[in-house]
Structure formats: C-alpha cells, structure tokens
Amino acid sequence: MEMPGQNAVLEVLIVEDDTKIAEINRRFIEQVPGFKVVGIATDEIQAKSQLEILEPHLVLLDIYLPHANGLDLLLFIRQHYRSTDVIMITAAREIEPIREAIRSGAFDYLMKPLIFDRLKETLLHYAAFQRELSRLDTAGSIGQSDVDRLLASPVKAEPLSENTFLPKGIDKLTLEKVVHTISTVNEGLTAHQVAKLIGISRSTSRRYLEHLVGFGIVFADVSYGLVGRPERVYRSKK
C-alpha cells in the first residue's frame with residue numbers, strides 16, 4: 001500500500017464482533033472528514049481476509065474477538081501489513097492489555113463505550129500524522145524538528161501551558177475552570193454538574209471534559225445511577 005497523499009481519503013477496516021457496535025462505529029468514523037470505512041469484520045478469519053484484499057490505512061480493532069485475541073491480531077498486522085496502523089478498542093480496564101497494545105505498536109487505545117469526540121480527536125491526529133509523513137516523504141532530508149513534530153502526541157502534551165496549541169472550540173480560560181472544578185471534587189462530576197457549576201452549556205462542558213480525557217488529565221467512567229441510565233462521570237487524575 002502506498003503512503004496516502006495530502007488530500008487522500010483514509011480507508012478504515014472495523015474489526016468488531018458485535019454488528020450493532022460495528023455499525024455505530026462506522027457512522028462515527030464517516031462523520032469525520034477524510035475517512036471512509038471500507039470493511040467490517042466480525043472475527044479473525046474475516047479480518048485477515050479483508051486485510052489482504054483491502055489493505056486499509058487504519059484498523060479499528062476490538063481486543064476481544066470470538067476464539068481470538070485482538071492483541072495477537074495486532075501483532076499479525078504489524079508483521080504483515082507494515083503500512084496499516086491500528087487503534088485498539090476495549091471495555092477492559094486492566095493495565096496489562098494497554099501496555100501490550102502500546103508495546104505492539106497501536107496508534108491509540110480507546111475505551112468502551114466509545115465517545116464520538118474522543119474518537120474524532122484520535123482520527124484527526126492520525127490524519128495529521130499521515131499528512132506529515134507525506135510531506136516528509138517528499139522533503140528529501142529531515143531534521144530533529146521534523147521528527148519531533150511527527151512524533152508529537154496530544155496525550156503527551158501539556159494543554160494548559162502558555163505555548164500549547166488548543167484546538168478550535170477550546171478556550172484556555174474555560175479549560176482552566178473545568179480543570180479546577182473537577183480537581184476539587186473527589187467523587188467525580190457529570191458533564192451536567194460541571195456545566196451548572198461553571199455556567200456553561202452541557203454540550204460545551206462535555207466537549208471540554210472529553211478534551212481533557214484525551215490528554216490524560218481527566219479520566220471517565222460510566223455510572224448507572226438509580227434509574228439505570230448510564231452517565232459519564234469525570235474525575236481528576238491526582
């Protein structure tokens with residue numbers, strides 16, 4: 001597979017045994033400009049067959065598959081399809097699968113239930129990564145600054161420093177208020193609770209909180225409450 005050009009559509013293969021979740025993920029992905037889902041595989045055999053036929057740029061890979069381990073499939077992809085990248089997805093909360101996925105070359109690792117804003121952030125980062133690869137491929141020679149820019153990851157960044165780039169729709173002062181509010185409550189807060197405390201809309205609150213989750217400053221879990229309706233609860237990483 002050739003390296004995608006600056007304006008190329010990035011092709012994605014979804015590997016997920018639950019067809020309903022796979023369809024949700026497909027709709028999520030195709031809401032992000034520049035990405036197209038070219039296949040859905042529900043087990044290891046289908047995944048390997050579609051990898052051979054489609055040679056996608058990116059695989060969205062569930063760690064748990066029928067009669068297979070997604071980590072083993074990740075290693076297979078890294079060995080046989082060096083130009084294909086992988087984003088792992090799982091409901092597991094154990095550290096060891098995350099460690100193994102990172103060691104095996106996963107581009108990112110997302111937790112279920114999948115949040116669109118977090119997936120979008122990852123996909124846009126991946127698209128920027130591919131554009132930079134394409135630019136460097138035609139540059140002839142590169143320097144340390146080129147390598148630093150290529151390897152830069154939003155997870156490693158310090159979002160509140162003076163010189164940090166903030167994406168469109170994220171204001172530094174509002175971000176600092178969200179961080180402060182979350183850090184003062186040990187039991188965690190929902191996006192609605194943060195919105196009321198700061199005086200912003202619930203959708204704005206959720207956008208800022210998911211931005212912080214992407215940076216590893218805040219973590220989120222699912223709480224089912226008294227009526228059984230799941231809610232995201234955000235806590236500061238202290």
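Helices (H or I, at least four residues) and strands (E, at least two) are DSSP runs here, numbered from the N terminus. With that in hand, here is the overall picture. The model is a predicted one, in which local features need pLDDT of at least 70 and side-chain atom pairs count only at pLDDT 80 or more, while totals for chains, interfaces and linings use all residues. Residues are numbered from 1 along each chain as its sequence is written, and side-chain values use heavy atoms, with hydrogens and water left out.

The protein chain comes to nine helices and ten strands. Of its 238 residues, 42% are buried, where buried means under 20% relative accessible area, exposed means over 50%, and partly exposed is in between (1.4 Å probe, protein chains only). Among contacts in the protein chain with a separation of 6 or more, 59% are between residues 24 or more positions apart.

Now for the sheets. Five strands form an open sheet in the order β2-β1-β3-β6-β7, and the pairing is parallel; two strands pair if DSSP finds at least two bridges between them. The edges belong to β2 (35-41) and β7 (108-111), and each has a single partner strand, so one side of each is left without a neighbour in the sheet. From one strand to the next, the twist averages 25°. (Axes are lines fitted to C-alpha atoms, for helices over the stretch in contact, and angles run from 0 to 180 degrees between N-to-C directions.)

Strand β1 (residues 10-15) pairs with β2 in the parallel sense, over six bridges. Ile-14 stands opposite Ile-40 in β2, and Leu-10 has Phe-35 in β2 as its bridge partner. Helix α5 (residues 116-139) packs on this sheet, where it touches β1, β2, β3 (58-62), β6 (85-90) and β7, and its direction makes about 170° with that of β7. Together, β1, helix α1 (residues 19-29) and β2 make a right-handed β-α-β unit. A crossover is right-handed if, with the strands pointing away from the viewer, the path from the first strand over the helix to the second runs clockwise.

Strand β6 also holds Ile-89, which is buried with a relative accessible area of 4%. Leaving aside neighbours within four places in sequence, Ile-89 is in contact with Asn-25, Leu-60, Leu-61, Asp-62, Ile-63, Leu-110, Lys-112 and Leu-114. Ile-89 and Glu-16 sit 73 residues apart in sequence, yet their C-alpha atoms are 9.1 Å apart in space.

In α2 (residues 44-54), Ala-47, Gln-50 and Leu-51 are buried. They cover an arc of only 105° around the axis, which puts them on the same side of α2; the arc is that of the directions from the helix axis to the C-beta atoms. These buried residues of α2 pack against β1, β2, β3 and α3. The face turned away from them carries Ile-45, Glu-52 and Ile-53, which are exposed.

Helix α4 (residues 95-103) has Pro-97, Ile-98 and Ala-101 as buried residues. Seen down the axis of α4, the buried residues fall within an arc of 100°, so they line one face of the helix. Their cover includes α3 (70-80), β6 and β7, whereas Ile-95 and Arg-103, on the other side of α4, are exposed. After α4 comes Gly-105, whose phi is positive, near 100°.

Six bridges join β9 to the antiparallel strand β10 (residues 231-236), and Ser-223 stands opposite Glu-231 in β10. Not counting residues up to four places away in sequence, Ser-236 touches Ile-182, Ser-183, Ile-217 and Phe-219.

Terms used. Contact = heavy atoms within 4.5 Å.
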